[in-house]
Every structure is written in C-alpha cells, then in structure tokens.
Amino acid sequence: MEVKAPIHHAKPAPFHLQNTRNKLLKLNPQFQTQLPLHRPEYKPIRIKPKNPKPKPVTTTTSDVLLLMDSLKLPIPADIYTSLIKECTKSGNSSKAIELYQHVRKSGLRLGLPFLNRVLLMYVSCGCFENARQLFDQMFLRDFNSWAIVISGCVENGEHDEAIKLFVKMLREKGFEKASDTQMGLSVSGILVRVLKACLCTMDFELGAQVHGWLWKMGYSKNVGLSSFLISYYGKANCFKGAESVFEHVRCRSTSLWTSRIMNYCNEYEFEEAIRVFKEMGREGVRKNEYTFSSVLKACRRMRDITIGRQVHANLMKLGLESDGYVHCALVDMYGKCGFIKDAARVFEIGRSYNESCNAMVKNYVRNGLRFEAIKVLYQMRVYGFEPCETVFDEVKLVCGGEVSENDVDEMYL
C-alpha cells in the first residue's frame, strides 16, 4: 500500500497582490517572480528617552558667606583670600563691595598682602573710588599697592593723578630693588602705563626721565617695553629717541621693527618706512599682519604699485592674504593705485570683512562704477555690515541725490 505524502495547498494570495501580478504578466510574459504571500512582521523601534543632564550648581560668594554666618563659624583668612580671587576674576562690583564689608566686620587683622588683593579686586571690578579710598587709608604700602592704583588711574583716564602717584612712589624707599614680577604685576608693565599717561598729558619731559630711570634699572633690554618706547617717541615726534631705543636692543623682535615702520607711516615718511621694511627682510626677521598692513599703507600713499605687488607676493608666501587687516590694506592699495581689477580680485577672496567692503565701495565710486558700488552695498546688508558714513556720502555724491538703505535694495533688485 503506497503512502502518499500530504499535499500542502498554498494559501491564495490576497486579491490586490494577485491583481498586481496579473498586470505585470500582461506587460512582460517572462516575469515569473513570486510575490510574497504574507506580510512581513515589523518590530516596533523603541526609543529610550534621554536623561536630561543635571544643571551645574553654582555657588556665589554671597552663598558661602550666608552659609558660614548661619553656622556661626568664623571665616579664616585663606577662605577670604579664595573668595577675593574668584571675585577678581568675575568682575562683579556689588559682590566685591559686599565681600570687603564682611571682611571688615569679621575683626580679622589684615596684612599688607591681603589689602593689596582687595585693591586689585576693586580695580578689576570697576570700583576705583573704593580702591582709592582704601589706598589712602593704608599706613603701609609696597610696590604692589602703588602699581595697582597707578594702573587704575590710567585705565579710568586720570592720567595726571597717575603721574603724581608715580612721582610720589619714586620718593619712597626700596622701590629700586623691586623685582620684575610681584604678585603677578610686572614693573615693566606699570612703567608702560606711566609712559601712556605721559603721552596723554603731553608730558614728554617726564617721559624722558622715566626712560632714563629704566636705563639705570636695567629695564631697557625688555623687548615689550622697548617696543612701546619706540611707539612713544614716534608719537612724540622724536625719531632720534626711537632710533636710540632700537639701537640698544640686541634681540630685535618683529614688534620692534613694526613699531619703527608705523612711526614713519604716521609721520608721512613713507620712503623710510619701506626702507625699514626691506632692511627687516635682509635681517631675516619674520613679518606679521601688522607689518604688512603698515607697509601697504606706505605703498598706497606713494602710489608705488611695483613695491606693492612685491609686498603682496611676500605676504602670500606666509599665508596672510586672508587676514582682515592685510586684506583691507590690499584692497585699498590696489584701488588707490588705479588697479581696480586687482582690487576686485583680492576683494573676492575675503569679502566677509566690513572694512574691506567699505574700501571696495570707495574704489568703485572713485572710478565711476556706480552699479558695482551699489552691488557691494547690497552685499554688505546681506552680511549684516554697516557702511561708514563717508562711504554713503560718496555714493550719494555719485548718484546725485539721497540714497537710503531701501534705495539700495530697489536699485540692485
């Protein structure tokens, strides 16, 4: 007796699937692909909710003081010192005043280093009147005390008072032996501020005396201070003094050479500026963006396109063509020399600089290219730049009437 295997009859496909298969067979009789007879099972994707990151808890100076007061615990001097340092970094004026008032109520004996930190905190937080009041009440002062208050005077525009305090400080004993850095304050940095006060008050005689004092104390070899001295003598129209400072420095940095170039440019001695630039190259000193922007100014004023192209090639080797200062100087230089196409080519490299856009608008206006100037003005609006008043005045003059920002949109669109 033969045993026949059971025949499993496939379930008929759903009607819409059979209909689709029949249509495909009519279009292409060779199409014999079996369509699926069951729906695939889809497993739902479970997205785990992200745990929100806890917000960092910030503790202010007031919180620490309230906590210690509520526990009726005395605050030691080292905790006060830490709070003063944090307040100095934050620059919160109200917290600074609150903290020192709490220190005074504590009854602690305050030493000179502690009071100097309070002075620095007041000056850093913009409480200069409080700092000056505390300084006047101090019976004992050291270099740090004087330096902090003198810096505060210069920062707040009280240049005459800064000079008076400096002269009074020199009469005190022991300052000649001050090291170059004390409590984070450098002697050379304070002297730079004193020279700045001399420059603002036009007291060049005192500035020369400060320079002589620096020479005796051995600070004349400081590169940063020497660079400022060169700029100082340049603004005082004393080029002999600037050259004297430069000659006495052995390690001549980029800032020293650049200060010389800027001095000559400010006094319209453009040929001397270019001469110093070439000398700087022969010495093998690396140039920076400020060096190139200054010498390009000299090329622009001299209308010397030959040297201007040489400078351009030099800065391209250093990859400084896209720098904001250099880019604006290049656009201005080519435009003033009459090479508008070169100016436009350079402008396209870094048109995202506001100063370069203003310079390019002036170039187009001076060459009678009104439509191109308005086009750049429209691009400035897109980038969110504000054209300077002189640019709008020149555009109005060329267009023969009033031009507003809405007119720029209409004329371009």
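Reader: Is Asn 237 buried or exposed?
Author: Asn 237 counts as exposed, because its relative accessibility is 51% (buried means under 20% relative accessible area, exposed over 50%, partly exposed in between, with a 1.4 Å probe and protein chains only). This is a predicted model, in which local features need pLDDT of at least 70, side-chain atom pairs count only at pLDDT 80 or more, and totals for chains, interfaces and linings use all residues. Residues are numbered from 1 along each chain as its sequence is written, and side-chain values use heavy atoms, with hydrogens and water left out.

Reader: Where is Asn 237, then?
Author: Asn 237 lies in the loop between α11 (223-235) and α12 (239-247); helices are DSSP runs of H or I with at least four residues, strands runs of E with at least two, numbered from the N terminus. Its phi is positive, about 60 degrees, although Asn 237 is not a glycine.

Reader: And what is phi for Arg 303?
Author: Phi of Arg 303 is near 55 degrees, again a positive value in a residue other than glycine. Arg 303 is in the loop between α15 and α16 and is partly exposed, with a relative accessible area of 48%.

Reader: Turning to α17, how many of its 13 residues are buried?
Author: In α17, 10 of the 13 residues are buried, so this helix is largely enclosed by the rest of the structure. Among them are Val 326, Leu 330 and Tyr 334.

Reader: Which helices do those buried residues pack against?
Author: The buried residues of α17 pack against α15 (289-302), α16 (305-317), α18 (340-349) and α19 (354-366), where contact means heavy atoms within 4.5 Å.
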